[in-house]
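Welcome! Please take a look at the sequence and the 3D structure shown here before reading on.

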Amino acid sequence: MSDATTTPVGETRFVTARLRERPDDSWTIEGALASGAYNAFRQALTMDAESIGKEQVAASGLRGRGGAGFPTATKWSFLPPDLAPRYLVANGDEGEPSTFKDRMLVERDPHQLVEGIAIAAYSIGCHQAFVYLRGEFALGYERLMQAIKDAHARGFLGQNIQGSGFDLEIAVHRGAGAYICGEETALLESLEGERGMPRIRPPFPAIAGLYAKPTVINNVETLSTLPHIVTMGGAKYAELGVNKSTGTRIFSLSGHVKRPGNYEVELGITFRDLIFSPELGGGTPSGRPVKFFIPGGASSQWLTGSDEHLDAPLDMDFVQQTFGVMLGSGAVMVYDDTVNPVLVAWRLAKFFAHESCGKCTPCREGAGWIEKVLYRISHGQGRPGDLDLLFSVGNSISPGVLNAPFTQTTICPLGPSAVSGVASLHKYFRDEVVEMCRRGPRTIPVSAEVTR
Amino acid sequence: MTFNPTNLARALEIVAQYPRPKSAILPLAHLAQDQDGWLTPEAMREIAELVDVTPAEVLGTCSFYTMFKRTPCGTYVVSVCTNVTCLVLGGPEILEHLEDRYADDPDVHVEEVECLAACGNAPSMQVNYEFHEHLNPDLAAAIVDDYKSGELTARGVSGGRQ
Ligand SMILES: Cc1cc2nc3c(=O)[nH]c(=O)nc-3n(C[C@H](O)[C@H](O)[C@H](O)COP(=O)(O)O)c2cc1C
Ligand code: SF4
């Protein structure tokens with residue numbers, strides 16, 4: 001394990017530029033206009049609508065920032081031509097543990113989001129957009145509603161926008177405390193007034209989404225990036241970043257780092273840069289080594305503080321292919337060597353068990369089972385066969401879970417996410433877990449099986 | 001009648017912004033809960049009328065979502081995060097402290113919640129959905145007390161201070 005400080009790598013700010021430059025009024029229409037808001041939208045309105053997606057966004061290589069990293073222009077291209085109405089939904093449900101970038105973007109730069117939505121809507125020919133905003137974001141809601149109102153008053157929303165003949169309305173819909181509603185088809189159910197349970201695909205939302213109409217769902221950060229792509233041109237944007245991970249991304253850095261927070265960095269820097277650079281994470285507060293970190297939100301499998309892992313670049317495909325982890329929602333949680341990884345795995349399992357929508361048996365039952373077994377291990381009551389038991393439950397939710405790419409027996413990826421912690425324990429902390437199980441009481445009263 | 005006249009007008013506006021009225025169930029439930037402090041059966045019946053579905057459908061939807069309180073709860077909903085960043089930075093200790101302190105206080109409803117998207121300033125909590133970050137047990141209690149004394153107020157989930 002090495003935690004040598006690196007050459008200072010800093011932020012590259014586009015999406016976070018306004019909110020850093022204007023800490024006192026970035027969310028107001030005055031503050032936003034004074035720093036160039038809606039110029040990109042004005043420019044877009046002079047361009048051929050389709051070419052924005054097909055040329056600029058395609059050339060930019062932009063990939064979704066919500067989790068799956070799907071190429072944005074490709075997603076838009078799946079919309080059947082000439083079918084109306086069609087809808088655009090901005091996904092601001094942000095519930096992935098340790099992700100806090102979308103909340104920041106909504107609270108502190110709502111006009112950039114409105115502008116991004118407007119550009120996307122214009123490009124795909126949509127006249128009614130929605131923002132699905134997490135229910136708990138009361139301040140974000142207030143600011144976003146004000147932003148939409150002010151954008152209307154200045155003629156950036158509504159009828160015949162800026163004399164272009166293009167019409168657009170944005171409605172903001174609030175979630176109510178269900179993580180699964182971040183999953184795009186559960187989100188659509190919730191937006192239709194139903195319980196937030198994922199739909200079986202196909203049909204994909206681009207064909208039959210909201211009210212069974214063609215629908216594009218994009219993450220808040222993805223949409224907030226669009227004004228910059230229009231301004232600088234797709235090709236120029238693609239010069240930033242590395243390989244097929246172009247541009248910048250906001251990483252939500254938390255846990256055992258001196259300077260937790262959101263950092264917008266060029267893709268391709270290493271985890272070591274992100275965690276240790278004095279301008280970014282600054283290393284662990286205790287000076288102790290990093291034991292492990294979760295690289296892409298709670299759904300991702302973990303990496304350790306080894307040189308091999310710390311020196312890996314923030315490249316979506318590289319980390320997926322090399323280590324079977326994902327950059328996901330861009331959340332990086334860092335743990336020093338005082339942390340018991342089983343406790344973290346248990347708390348994550350508890351989260352997934354609580355948030356499972358209950359539609360598929362392997363996820364509903366398996367997540368709860370994993371939680372109970374991890375609870376007893378992390379609370380000193382582990383049994384010798386427990387790691388194998390966990391693995392066997394995990395394997396029935398997500399067959400082949402140790403060897404990416406794995407499969408799933410469930411409707412949505414939440415099921416396999418519930419197994420990420422187990423798989424990570426299996427890969428990196430096997431001896432430690434086995435030792436903990438050995439130390440547990442040999443004879444457990446029968447009731448301990450069910451109490452927790 | 002459960003929505004007061006102002007909120008009823010607001011409710012009609014909300015229904016009108018959706019292509020299909022049923023979509024308005026969640027926002028109307030937030031509005032009713034902000035008004036009454038919890039989601040009453042009467043409110044669910046009125047929502048059903050406003051969006052033209054049965055009351056059972058409204059209950060069916062609302063019972064999926066943890067933010068909707070279908071039994072009366074305290075005036076102050078204190079939501080403490082114990083997810084994996086708060087876990088190692090003191091969240092569980094705050095939860096325990098507040099649970100003990102307000103165990104017999106009917107005005108304060110302390111609950112454990114999942115990640116609040118405030119991990120950069122963990123540990124964190126919300127009081128009536130206002131964020132409070134960089135906490136420790138004593139500071140958290142002082143903040144709850146400030147709400148009780150009226151020093152701090154919340155804007156409400158459905159928009160616009162009530
Ligand atoms: C369980 C689950 C939760 C998700 N939560 C979110 C979320 O909170 N925000 C988000 O943008 N995407 C979330 N996603 C990903 C969305 O399904 C979808 O891929 C994304 O919003 C698409 O936008 P993008 O292409 O711009 O990334 C989640 C996915 C799953 C399976
Ligand atoms: S995998 Fe889990 S969360 Fe996803 S649809 Fe199935 S039960 Fe619901």
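The report below walks through the model part by part.

## About the model

This is a predicted model, in which local features need pLDDT of at least 70, side-chain atom pairs count only at pLDDT 80 or more, and totals for chains, interfaces and linings use all residues. Residues are numbered from 1 along each chain as its sequence is written, while chains are lettered from A and ligands numbered from 1 in the order in which they are written.

## Domains

Let us begin with chain A. Its domain assignment gives domain 1 (17-238), domain 2 (250-336) and domain 3 (341-437); such bounds come from an automatic or database domain assignment. Between domain 1 and domain 2 of chain A, the C-alpha centres are 27 Å apart. Contact here means that the C-beta atoms of two residues, placed from the backbone, lie within 7 Å. By that rule, 13 residues of domain 1 of chain A are in contact with 14 residues of domain 2 of chain A. On the domain 1 side, these residues divide into three nonpolar, five polar and five charged. In this grouping, Ala, Val, Leu, Ile, Met, Phe, Trp, Tyr, Cys and Pro count as nonpolar, Asp, Glu, Lys and Arg as charged, and the others, Gly among them, as polar.

For chain B, the assignment gives domain 1 (5-62) and domain 2 (76-148). The C-alpha centres of these two domains of chain B lie 29 Å apart.

## A buried strand in chain A

Helices (H or I, at least four residues) and strands (E, at least two) are DSSP runs, numbered from the N terminus. Strand S1 (residues 87-92) of chain A is largely enclosed by the rest of the structure, because six of its six residues are buried. A residue counts as buried if 20 or more other C-beta atoms lie within 10 Å of its own, as exposed if 12 or fewer do, and as partly exposed in between, with C-beta atoms placed from the backbone. In a regular strand the side chains alternate between the two faces of the sheet. Tyr87(A), Val89(A) and Asn91(A) point one way from S1(A), and Leu88(A), Ala90(A) and Gly92(A) point the other way.

Which strands pair with S1(A)? Two strands pair if DSSP finds at least two bridges between them. Six bridges join S1(A) to strand S2 (residues 128-133) of chain A, and the two run parallel. Here Leu88(A) has Ala129(A) as its bridge partner. Five bridges join S1(A) to S4(A), again running parallel, and Val89(A) stands opposite Ile217(A) in S4(A).

## Leu19 of chain A

Is Leu19(A) buried or exposed? Leu19(A) is buried, because 21 other C-beta atoms lie within 10 Å. This residue is found in helix H1 (residues 17-21) of chain A. Leaving out residues up to four places away in sequence, Leu19(A) touches Ser26(A), Arg108(A) and Asp109(A). Leu19(A) and Leu105(A) are 86 residues apart in sequence, yet 8.2 Å apart in space, C-alpha to C-alpha.

## The two ligands

A residue is near a molecule or strand if its C-beta atom, placed from the backbone, lies within 6 Å of it. Of the 22 residues around ligand 1, Gly64(A), Gly66(A), Gly182(A), Asn219(A) and Thr222(A) come nearest. Strand S4 (residues 215-219) of chain A gives the most to this shell, with three residues. At least three residues come from each of domain 1 and domain 3 of chain A. By class, the shell around ligand 1 has seven nonpolar, nine polar and six charged residues.

Around ligand 2 there are 14 residues, of which Cys357(A), Cys360(A), Cys363(A), Thr410(A) and Cys412(A) come nearest. Helix H16 (361-378) and helix H18 (414-417) of chain A each supply at least two residues of the shell. The shell around ligand 2 divides into eight nonpolar, four polar and two charged residues.

## Where the chains meet

44 residues of chain A are in contact with 39 residues of chain B. Several elements of chain A each supply at least two residues of this side, including helix H8 (138-153), strand S7 (248-255) and helix H15 (341-355). The largest share, six residues, comes from H15(A). The chain A side divides into 19 nonpolar, 15 polar and ten charged residues.

## The sheet of chain B

An open sheet of four strands in chain B has the order S2-S1-S3-S4, with mixed pairing. Its edge strands are S2 (108-113) and S4 (130-132) of chain B, each pairing on one side only. Three bridges join strand S3 (residues 125-127) of chain B to S4(B), and the two run antiparallel. In this pair, Met125(B) stands opposite His132(B).
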